[in-house]
Amino acid sequence: MYVSQFAVLAAVLFAMGVYGILVRRNGILVLMSVELILNSVNINLVAFGALRDSIAGEVFALFVITVAAAEVGVGLAIVLLIYRNRRSVDLSEMDLMKG
Amino acid sequence: MDALAPTTGALAADSLAGAALAPTTSVLFADALAPTTSVLALLVAQNVAFYVIAAIMLFAGFRVVTSPNVVHAALYLIAVLAGVAALFLLLGAEFVGITQVLIYIGAVIVLFLFGIMLTRSPMGADTEVDHPRRLPATLAAALVGAVTIYSVLDYFGDEQFPKETRTTTNEVADSIFSDYIIAFEAVSVLLLAALIGAIVVARRD
């Protein structure tokens, strides 16, 4: 197996996540796109760890998974709070801090 | 085959010297060829598995960011996460693969589905989940993807993985609790902080 197979797949997933973050208006869908990006980074970490025969790639992938779980917990709590206050999770209506 | 091994070993010199020992030489060649063909078959199987998984992941990932239905997007995200877990197993990272299934598919997706259920009144397709202006986002994503793909292809070329990339849970545990113990403790505190923070933010006063 070639390293570039995994790296290119991860790059495409990353680009999809970027597209999702930019184009989605629903807060939960934006969080899902962030998950896509984090997973593409994890593929890279594990693949490069396997390439260099180092365990560090896997350990850091585990840390990324943990941080992603924490991020989803807090992110969804924020989305719920916004929904409770404004009856909507549409991000284009969140312009309170717009100059 | 094992019972024959000493015999073939003893006869190896003769057969290599060209003696007329047809049965023995065929056994020797079978022994020599068997590992090579199985390694080749394994490589082919790995590549086929990779491309099948990659195709599923790309389709599902595309649907995650384009599906007009929020619940469908979450279900497609499951396919992407399962594909990532399969890639981890393909790379020999068994513990990360299992953790991916447990944490992501088991916990994060359920959290997403709860979030969707709590923030949507009507079930079914929402028409307004996307911005109307998709072109700038497409351009930005294509630029990011093109630059990244170009640079990884330029840097790695056709570099291959070593033949044996399997790492056991034992090694991962040893590494976490020796080299990375400080990072591990920091992540533990972060999880606790996130837990308390989520409760404080989301509770009704």
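**Entry 1: the pocket lining.** I looked up which element contributes most to the largest pocket, and found that α3(A) gives the largest share of its lining, eight residues. I note that the model under study is predicted.

**Entry 2: other contributors.** I then listed the elements that supply two or more lining residues: besides α3 of chain A, these are α4 (94–119), α6 (169–176) and α7 of chain B. The lining comprises 26 residues, and nearest the centre of the pocket I found A:Ile65, A:Thr66, B:Ile103, B:Val187 and B:Leu191.

Entry 3: I recorded about 450 Å³ of space in the largest pocket.

**Entry 4: position in chain B.** I checked the domains of chain B and found that domain 1 (5–125 + 133–167) and domain 2 (168–205) both give residues to the lining, so the largest pocket lies between them.

**Entry 5: the helix pair.** I turned to α3 (residues 56–86) of chain A and α7 (residues 181–202) of chain B, which pack at an angle of about 10° with their axes 9 Å apart. Angles under 35 degrees count as roughly parallel, so I describe α3(A) as roughly parallel to α7(B).

**Entry 6: residues in contact.** I looked up where these helices meet: the α3(A) side includes A:Phe63, A:Thr66, A:Gly73 and A:Arg84, and the α7(B) side includes B:Phe184, B:Val187, B:Leu191 and B:Ala202.

How values were computed: Residues numbered from 1 in each chain as written. Chains lettered and ligands numbered in written order. Predicted model: local features only at pLDDT ≥ 70, side-chain atom pairs only at ≥ 80, totals over all residues. Heavy atoms only, no water. Axes fitted to C-alpha atoms, helices over the stretch in contact; angles between N-to-C directions. Helix = DSSP H or I, 4+ residues; strand = E, 2+ residues; numbered from the N terminus. Parallel < 35°, antiparallel > 145°, perpendicular 65-115°, else oblique. Contact = heavy atoms within 4.5 Å. 1 Å grid on protein atoms, 1.4 Å probe; cavity = no way out; pocket = protein on both sides within 12 Å on 5 of 7 lines; lining within 4 Å. Points joined across faces, edges and corners; volume = space filled by probe spheres on them. Domains from an automatic or database assignment.
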